[in-house]
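Here is a short briefing on side-chain pairs and a helix contact. Keep the structure open as you read.

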Amino acid sequence: MNVNLQKTNAVDGKLTVEVVESDYKEKVAAELKKIRRDANIPGFRKGQVPMSIIEKRFKKQVTSDVINQEVYEAVINYLRENKVDILGEPLPVNVTELDLDNKTDYTFEYELGFSPEINVELNKEIHLPYYRIEVTDEMVKEQDQALSGRYGSQEPIETYEGRALIKGNIKELGKEEGYVQAEGVIVAPWTFKNEEEAKKFEGAKAGSVIVYNPWTATEGNAAEIAAMLNVSKEEAENLKGDFELTITEITGLKPAEHNEEFFKQCFGADCTTEEQYLENIKKSIAAQLLPNSAALFERQTRKSLMEKYGNFELPVEFLKKWLVRRNNELTEENINEEFAKSEPFMKWEILSGKIGQQLEVKVTEEDLMNFAVHAAARQFAQYGMANLDEAILKNYAESLLKDENNRRYIIEQVSNANLFEAIGNAVTIDEKTVSLDEFKTLLEEASK
């Protein structure tokens with residue numbers, strides 16, 4: 001079998017495969033023998049069907065299959081053995097009809113799009129910025145308030161304020177009979193969507209009588225009204241009038257006291273003093289902000305590398321054809337517009353691939369498992385299930401990796417993280433600490 005590569009230009013080429021009968025004859029014969037051995041044809045014992053009948057029934061299909069397989073393997077092997085780096089897949093120039101009754105020799109032609117040669121050099125002489133967000137006293141104060149509230153307790157208070165809960169007896173107004181009334185309902189005015197209705201409760205005390213409109217307060221959310229008034233959702237949909245609430249009790253959150261027990265609850269047995277507590281808060285905030293720093297580093301680095309190395313030529317017309325053939329939503333009419341949108345992403349994918357090869361970036365099963373375990377921990381934490389046993393997290397992580405879509409997503413995330421970690425190790429990182437506002441400005445600039 002003769003395979004010949006012809007370069008049209010730096011990024012386009014054509015691969016020609018010439019097939020003669022001797023390239024496939026023996027394999028066709030071998031396949032027909034297998035069919036004869038296993039064929040069940042009425043009137044003949046298994047394995048005893050005359051070869052003439054086998055050939056009459058199966059030879060054309062077998063020959064076609066063998067030729068196509070031989071050509072496919074010839075193309076793949078040629079590209080691999082000659083280290084021809086292509087984009088997409090080889091595209092047949094024409095769909096060759098095999099005239100098996102009259103011909104034994106065939107020529108197949110494929111269009112190729114070559115991956116561009118990019119000379120990327122990353123070393124310690126290259127400096128890239130890495131911005132950390134300053135942990136301010138205000139951030140520490142907010143986190144302290146959140147922790148004090150989380151470990152605090154609900155206690156009766158005299159006057160409604162903040163996020164207090166109001167308990168009382170309620171009665172629907174404007175009706176002489178059939179009105180809704182209930183005792184012991186709980187109302188949280190700070191959740192109201194309408195500010196005017198929420199203001200009616202400011203300064204309220206036990207014994208106060210408040211007239212308000214639940215429909216207006218919730219902007220007509222029947223589910224919220226039903227929960228507030230202890231009625232069904234169907235009943236709530238018709239309750240659009242005013243209600244009178246006689247307050248019997250107001251409970252507010254009493255923040256936890258700063259003591260050794262509280263410090264341990266927040267950060268474990270080793271945290272016993274106010275100083276350690278505040279230091280742990282700063283560390284936890286810094287850790288929460290790290291993903292933002294990583295995201296900015298990725299955007300700025302990607303932008304910098306694309307500006308320096310991204311001006312390379314692509315086999316544009318080849319890629320358009322390839323995309324149209326593999327995506328049913330793309331046509332010759334819309335491919336130009338869609339290609340223009342996707343070209344920057346394609347260029348980054350090519351460039352990042354070259355960088356990954358240079359830096360020998362790899363993704364191991366251990367990397368995938370670590371990512372999946374952390375993802376599982378975050379997911380459980382959203383439901384208030386923190387500090388779960390490692391075995392539980394690992395079992396859940398394994399189930400994530402068994403799902404094809406989840407596994408593909410995790411591979412993409414880990415590959416990206418490993419790539420930028422490798423870039424960071426290859427160059428010189430200049431760390432800088434900036435305010436949150438300065439960070440937001442840098443993020444906006446990097447996104448342009």
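A residue counts as buried under 20% relative accessible area, as exposed over 50%, and as partly exposed in between. Tyrosine 151, at 29%, is therefore partly exposed. The model is predicted. Across the whole structure, a search gives 19 salt bridges and 12 aromatic pairs.

**Aromatic pairs**

- Tyrosine 151 pairs with phenylalanine 262 in an edge-to-face arrangement, with 6.2 Å centre to centre and 75° between the planes.
- Tyrosine 151 sits in the loop between helix H3 (137-150) and strand S6 (153-156), and phenylalanine 262 sits in helix H8 (residues 260-267), so the pair ties together parts 111 residues apart in sequence.
- Phenylalanine 262 is buried, at 2% relative accessibility.
- Phenylalanine 201 and tyrosine 212 also pair: their ring centres are 5.3 Å apart. Planes over 60 degrees apart count as edge-to-face, and these planes lie at 70°, so this pair is edge-to-face.
- Phenylalanine 201 lies in the loop between H4 and strand S9 (209-212), while tyrosine 212 lies in strand S9. The two are 11 residues apart in sequence.
- Phenylalanine 201 is buried, at 0% relative accessibility. Tyrosine 212 is buried too, at 0%.
- Ring pairs also build a cluster from Tyr151, Phe262, Phe263, Phe267 and Tyr277.

**Salt bridges between separate elements**

- Side chains of opposite charge can pair when their charged atoms come close.
- Aspartate 101 and lysine 60 form a salt bridge, at 2.9 Å from N to O.
- This pair links distant parts of the chain, 41 residues apart. Aspartate 101 is in the loop between strand S3 (91-92) and strand S4 (106-113), and lysine 60 is in helix H2 (residues 51-81).
- Aspartate 101 is exposed, at 56% relative accessibility. Lysine 60 is partly exposed, with a relative accessible area of 49%.
- Glutamate 224 bridges to lysine 193, and their closest N and O atoms are 2.7 Å apart.
- Glutamate 224 belongs to helix H6 (residues 222-229), and lysine 193 to the loop between strand S8 (181-187) and helix H4 (195-199), so this bridge ties together parts 31 residues apart in sequence.
- Glutamate 224 is partly exposed, at 32% relative accessibility. Lysine 193 is partly exposed, at 39%.

**Salt bridge within a helix, and a network**

- Glutamate 196 and lysine 199 form a salt bridge, at 4.0 Å from N to O.
- Both residues lie in helix H4, 3 residues apart, or about one turn of the helix.
- Glutamate 196 is exposed, at 53% relative accessibility. Lysine 199 is partly exposed, at 44%.

**Helix contact**

- How do the axes of H13 and H14 cross? The axes of helix H13 (residues 390-402) and helix H14 (residues 404-426) cross at roughly 100° and come within 5 Å.
- Angles of 65 to 115 degrees count as roughly perpendicular, so H13 and H14 are roughly perpendicular to each other.
- H13 contributes Leu400, Leu401 and Lys402 to the contact. H14 contributes Glu404, Asn406, Arg407 and Ile410.
- By class, the contact of H13 with H14 has 3 nonpolar, 1 polar and 3 charged residues.

How values were computed. Residues are numbered from 1 along each chain as its sequence is written. This is a predicted model: local features need pLDDT of at least 70, side-chain atom pairs count only at pLDDT 80 or more; totals for chains, interfaces and linings use all residues. Side-chain values use heavy atoms; hydrogens and water are left out. A salt bridge is a side-chain nitrogen of Lys or Arg within 4 Å of a carboxyl oxygen of Asp or Glu. Helices (H or I, at least four residues) and strands (E, at least two) are DSSP runs, numbered from the N terminus. Buried means under 20% relative accessible area, exposed over 50%, partly exposed in between (1.4 Å probe, protein chains only). Axes are lines fitted to C-alpha atoms, for helices over the stretch in contact, and angles run from 0 to 180 degrees between N-to-C directions. Angles under 35 degrees count as roughly parallel, over 145 as roughly antiparallel, 65 to 115 as roughly perpendicular and the rest as oblique. Contact means heavy atoms within 4.5 Å. Ala, Val, Leu, Ile, Met, Phe, Trp, Tyr, Cys and Pro count as nonpolar, Asp, Glu, Lys and Arg as charged, and the others, Gly among them, as polar. Rings of Phe, Tyr and Trp (its six-membered ring) pair if their centres lie within 6.5 Å; planes under 30 degrees apart count as stacked, over 60 as edge-to-face and the rest as tilted.
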